[in-house]
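Here's a quick tour of a protein and its ligand. Have a look at the model first, then work through the points below.

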Amino acid sequence: MWSLARALLFMIPAEEAHGVGKVLMRMLARFIPAPRKIQNNPIGLAAGFDKNAELLDVLPKFGFGHVEIGTVTPRPQGGNPRPRLFRNAENKTLFNRMGFNNLGAGIVSGRVRRIRPKLPEGFKVGINLGKNKDTPDESAAEDYAAAARSFLDLADYFVINVSSPNTPGLRALQTPEALIPILNRVRSEIESTGRSIPVWVKLAPELTGTELQTLIEALDRGGASGFILTNTQGGVYIDEGKELTGGWSGQNLTTHSRQRLIEARSYTRLPLISVGGIMTPEEALERFRAGASEIQLYTGFVYGGPFLVRNILKAIRKQA
Ligand SMILES: Cc1cc2nc3c(=O)[nH]c(=O)nc-3n(C[C@H](O)[C@H](O)[C@H](O)COP(=O)(O)O)c2cc1C
């Protein structure tokens with residue numbers, strides 16, 4: 001069934017297929033019973049798949065234990081002009097230059113507020129935070145804090161995303177000097193509520209060696225709760241002779257993202273979420289062996305469908 005649906009979806013442009021895929025998931029969800037409780041499920045849906053919390057209510061049915069909504073920016077924004085999502089099916093990769101298209105923290109938090117009470121016990125909702133494109137880097141911390149403010153009573157965890165290649169200048173914030181103030185601003189928003197919400201930092205696969213070590217150690221000391229490695233790999237795609245810049249995901253990332261996990265594991269004892277090029281249950285198990293506490297899927301879910309989630313869960317159970 002999935003291979004038939006996939007074959008049909010792959011006949012239309014990628015972003016439109018994503019829209020149709022979401023409608024299909026909602027239809028399919030009617031035939032899948034909802035789990036009442038979610039226990040020890042370390043597989044999440046990575047950020048960017050459900051940017052606006054449109055699928056939040058049905059995701060637990062597809063076997064996920066958590067979802068990362070967003071990236072959400074304080075104000076709504078349209079993202080880059082289309083086409084901005086492409087697939088290379090032979091290599092099982094995707095190329096995107098979406099540019100944080102999202103409905104903004106106000107609308108998205110309204111949706112999460114409505115759906116949250118209906119979610120199964122134990123299902124976690126993460127909120128991936130970003131800055132608006134037109135906000136200067138000097139005021140970035142204010143944007144992350146403003147986006148977080150709308151979700152203070154809703155998020156199970158926050159993610160500071162400074163690793164998307166599609167917002168000009170964003171990756172330049174991947175330094176202790178830029179990130180510590182952002183982390184502090186988000187943490188003080190949380191502290192003002194008396195709740196405790198973990199704040200993770202999501203990093204790019206290009207960060208490696210001493211640069212990665214310095215950053216991780218500084219953020220570890222600075223109060224980060226853990227790290228999500230990795231975002232997409234910056235690159236170019238030639239569309240009808242035009243060179244487009246953006247980020248690659250899927251099979252091309254498998255080795256890079258696994259390597260970054262292994263590196264990060266040697267720099268910190270904080271929990272690590274591994275994401276990037278997890279296309280098979282074997283690779284998922286590899287990530288847990290390398291020290292990931294949880295994993296996330298995006299491109300693997302596009303190519304492998306819901307069966308990938310189920311098969312990873314089975315493989316984990318078999319190992320236990
Ligand atoms: C179309 C698309 C949109 C994405 N949007 C976001 C986003 O808004 N925020 C973010 O942190 N990561 C975003 N990502 C990155 C994914 O969350 C993930 O880190 C990356 O794709 C690597 O995982 P994968 O190889 O399993 O896809 C996006 C990825 C894709 C393919």
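A polar contact is a pair of N or O atoms within 3.5 Å. With that in mind, look at K51: an N or O atom in its side chain sits 3.0 Å from an oxygen atom of the ligand. Keep in mind that this is a predicted model.

**The whole chain**

- The protein chain has ten helices and twelve strands.
- Its C-alpha trace spans about 50 × 50 × 40 Å along the principal axes.
- How does the radius of gyration fit with a compact globule? A compact globule of 320 residues would come out near 20 Å, and the protein chain has 18 Å, so the two agree.
- Of the 320 residues in the protein chain, 56% are buried.
- The accessible surface of the protein chain is about 14000 Å², and carbon and sulfur atoms account for 54% of it.
- Take the contacts in the protein chain with a separation of 6 or more: 72% of them link residues 24 or more positions apart.

**Around the ligand**

- The ligand is surrounded by 22 residues, and the closest are A47, T71, G250, G277 and T299.
- What kinds of residues make up this shell? They split into six nonpolar, 14 polar and two charged.
- Two strands, β2 (66-72) and β10 (242-250), each supply at least two residues of the shell.
- The backbone gets involved too: a backbone N or O atom of A47 lies 2.7 Å from an oxygen atom of the ligand.
- G276 also has a polar backbone atom 3.5 Å from an oxygen atom of the ligand.
- How much of the ligand does the protein bury? On its own the ligand exposes 610 Å², and the protein buries 98% of that.

**Zooming in on N132**

- You'll find N132 in the loop between β5 (124-129) and α4 (140-149).
- Is N132 buried or exposed? Its relative accessible area is 1%, and buried means under 20%, so N132 counts as buried.
- A polar atom of the N132 side chain lies 2.9 Å from the backbone oxygen of R75.
- The N132 side chain also makes a polar contact with the side chain of Q77, at 3.0 Å.
- Setting aside neighbours within four places in sequence, N132 is in contact with T73, P74, R75, P76, Q77 and D143.

**Cis peptide bonds**

- G70 and T71 are joined by a cis peptide bond, with omega about 10 degrees.
- T71 is part of strand β2, and T71 is also listed among the closest residues to the ligand.
- Another cis peptide bond joins L229 and T230, where omega is about 10 degrees.
- T230 belongs to the loop between β8 (226-229) and β9 (233-239).

**Positive phi angles**

- A53 isn't a glycine, yet it has a positive phi of about 60 degrees.
- The loop between β1 (43-45) and β2 is where A53 sits, and A53 is buried, with a relative accessible area of 1%.
- F100 has a positive phi as well, near 55 degrees, and F100 isn't a glycine.
- F100 lies in the loop between β4 (93-96) and α3 (105-115).
- With 4% relative accessibility, F100 counts as buried.

How values were computed. Residues are numbered from 1 along each chain as its sequence is written. This is a predicted model: local features need pLDDT of at least 70, side-chain atom pairs count only at pLDDT 80 or more; totals for chains, interfaces and linings use all residues. Side-chain values use heavy atoms; hydrogens and water are left out. A residue is near a molecule or strand if one of its heavy atoms lies within 4 Å of it. A polar contact is a pair of N or O atoms within 3.5 Å; within protein, one must be able to donate a hydrogen and the other to accept it, and residues adjacent in sequence count only if both atoms are side-chain atoms. Accessible areas come from the Shrake-Rupley method with a 1.4 Å probe; for residues, only the protein chains shown count as cover. Helices (H or I, at least four residues) and strands (E, at least two) are DSSP runs, numbered from the N terminus. Ala, Val, Leu, Ile, Met, Phe, Trp, Tyr, Cys and Pro count as nonpolar, Asp, Glu, Lys and Arg as charged, and the others, Gly among them, as polar. The radius of gyration is taken over C-alpha atoms; the globule rule is 2.2 Å times the number of residues to the power 0.38. Buried means under 20% relative accessible area, exposed over 50%, partly exposed in between (1.4 Å probe, protein chains only). Contact means heavy atoms within 4.5 Å.
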